[in-house]
Amino acid sequence: MRLAFTKPAVWFSTHPKACSRRCVSSLETHLSTSGFGENVRIKFDPSKGRFLEAVRALSPGDTVLLEAPAAIAFDDSSRCFVCAGRHPLTRCPSQPQVLAQQLGALASGTPEAKLIAQFAVASRHSPPAVCGLLDELQAAFEPQRNAADVAAVLQLLEAGTGSSWRAVQERVCRLYEIVRTNSIQGGGGGNESVGVYPLTAMLEHSCRPNCNTTVAQSGELRVTAMTNVLPGEAVSISYLRDVYMSSRQRAELLSHWGFACRCPLCSAGRDVFRAFKCASRHCTGAVCAPAAAELGADALGAWQCDSCGSPLDAAAVRAALADEARIDEALSVGEPTTSDVAQLVSSCRLHESHHLIFHEAFRQAGSANVMQGAEQQRRFEQAVELMMRSLQRNSVGLPTMPSLLDGIALLRLVRGELGAAVGALRQAMAAIEATMGRDAVSDTRRLLSMSPPSDPAAALRLWQKM
């Protein structure tokens, strides 16, 4: 892992007592100079702190914000330690006096620990200046967590700056928590990174977010609108890579950030991703478990179909939960349940939108090869179609959906359905734009920009060359 302090950020304050007023002003200046102040503004709510609110109506694919990192750690040995340039450290024009001893010390430890040390060592900050970061990001203060890492950070700070940091040890503990809970992973293609983005850190979480973040290999972060966002609406992203799980599982993962989610999905009173089949044989609706249900201990009146209103009796609830536990155990140890996801749905009481069914469909779609015959094509197609129905039912986006839609387009080409393949590619391109922006570069865009051959076999050969 290699680190870079990109440049002194406008949101640092050298006087911690003045930080609250000055840093808010600095962040607002930072936003206005970024060129995206016409999209969002900084707001404050006593119950959740600072957040970003839409100033104007935003549409899917709109770039809401572009932000360079205040500090970034690259997992790339070819990157300069100080400036992230593609040159050796010895040729870096910005700080040629960095000691090899400091580099050796910073080469160990967690990414979060190295990011904190980088603020002090690479930019020569004093303890008060580094602690000015505390008022810039919202996070829980948990000084007892990761004690070993915090001790390592203190040693690095003292070795790199020649100053004693013991007097501000608690602040360093808090700073560690802030960086740990606000750093964002990104990059790809052997260029993974962990960065701190002060404006993006103010985006609130939602399990049904209206925006998505992507990080380029340069480290620049893009916030893209996935849905229509109205003026005055909070801009939200998901802190979780996958929200398709039970409400309890989401709550456990979100406790890492020190808050309980109150988004529409979590406050609905129903665990929409724990959906079971309706008791009525001819109804396709779902019976969602009460959000806080413990093995059906809540009132049975809560177990009602969201379509026809039919309730599940006590025996049906017990049978549904037994099926859920059985399938969960089988999938967790990698045991095959059935040969395909459709058979799995028909053999149990779980609705097709249940999170266990959804993830099994995702696994089967990822393992199928549409170039290897009709059976593989059938399994892939039914898995993707099931996932699409589940996502539409729950109004949830999936950043990886473009690749699945690309797979549908490939399937159509293999079957000789050129028109349907072009339609699937257009769907995939719309999904790409809604998650990565309208100027996203992709093979899908390149394929659509070409004059497609009238022969599906020729189009397939063109695809395989991409």
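1. Glu 375 and Arg 378 both sit in helix H11 (residues 374–394), 3 residues apart, about one turn of the helix. Helices here are DSSP runs of H or I with at least four residues, strands are E runs of at least two, and both are numbered from the N terminus. The two side chains meet in a salt bridge, 2.6 Å from N to O. A salt bridge is a side-chain nitrogen of Lys or Arg within 4 Å of a carboxyl oxygen of Asp or Glu. Glu 375 is partly exposed at 44% relative accessible area. Arg 378 is partly exposed too, at 32%. The classes are buried (under 20% relative accessible area), exposed (over 50%) and partly exposed in between, with a 1.4 Å probe and protein chains only.

2. The model is predicted: local features need pLDDT of at least 70, side-chain atom pairs count only at pLDDT 80 or more, and totals for chains, interfaces and linings use all residues. Residues are numbered from 1 along each chain as its sequence is written, and side-chain values use heavy atoms, leaving out hydrogens and water.

3. The length of H11 agrees with expectation. Its 21 residues should span 30 Å at 1.5 Å a residue, and its end C-alpha atoms are 30 Å apart. The expected span is 1.5 Å times one less than the number of residues. Just after H11, Ser 395 takes a positive phi of about 55°.

4. H11 has a buried set of residues, including Phe 380, Glu 381, Val 384, Leu 386, Met 387 and Leu 391. The cover over the buried residues of H11 includes strand S12 (270–277), helix H9 (341–346), H10 and helix H12 (401–414). Contact means heavy atoms within 4.5 Å.

5. H10 has its own pair. Arg 363 and Glu 360 both lie in helix H10 (residues 355–367), 3 residues apart, about one turn of the helix. They form a salt bridge, with the closest N and O atoms 2.7 Å apart. Glu 360 is buried at 4% relative accessible area, whereas Arg 363 is partly exposed at 46%.

6. Arg 438 forms a salt bridge with Asp 62, the closest N and O atoms being 2.5 Å apart. This pair links distant parts of the chain, 376 residues apart. Arg 438 lies in the loop between helix H13 (418–436) and helix H14 (443–449), and Asp 62 in the loop between strand S3 (49–54) and strand S4 (63–67). Asp 62 is buried at 10% relative accessible area. Arg 438 is partly exposed at 40%.

7. The count comes to 14 salt bridges.
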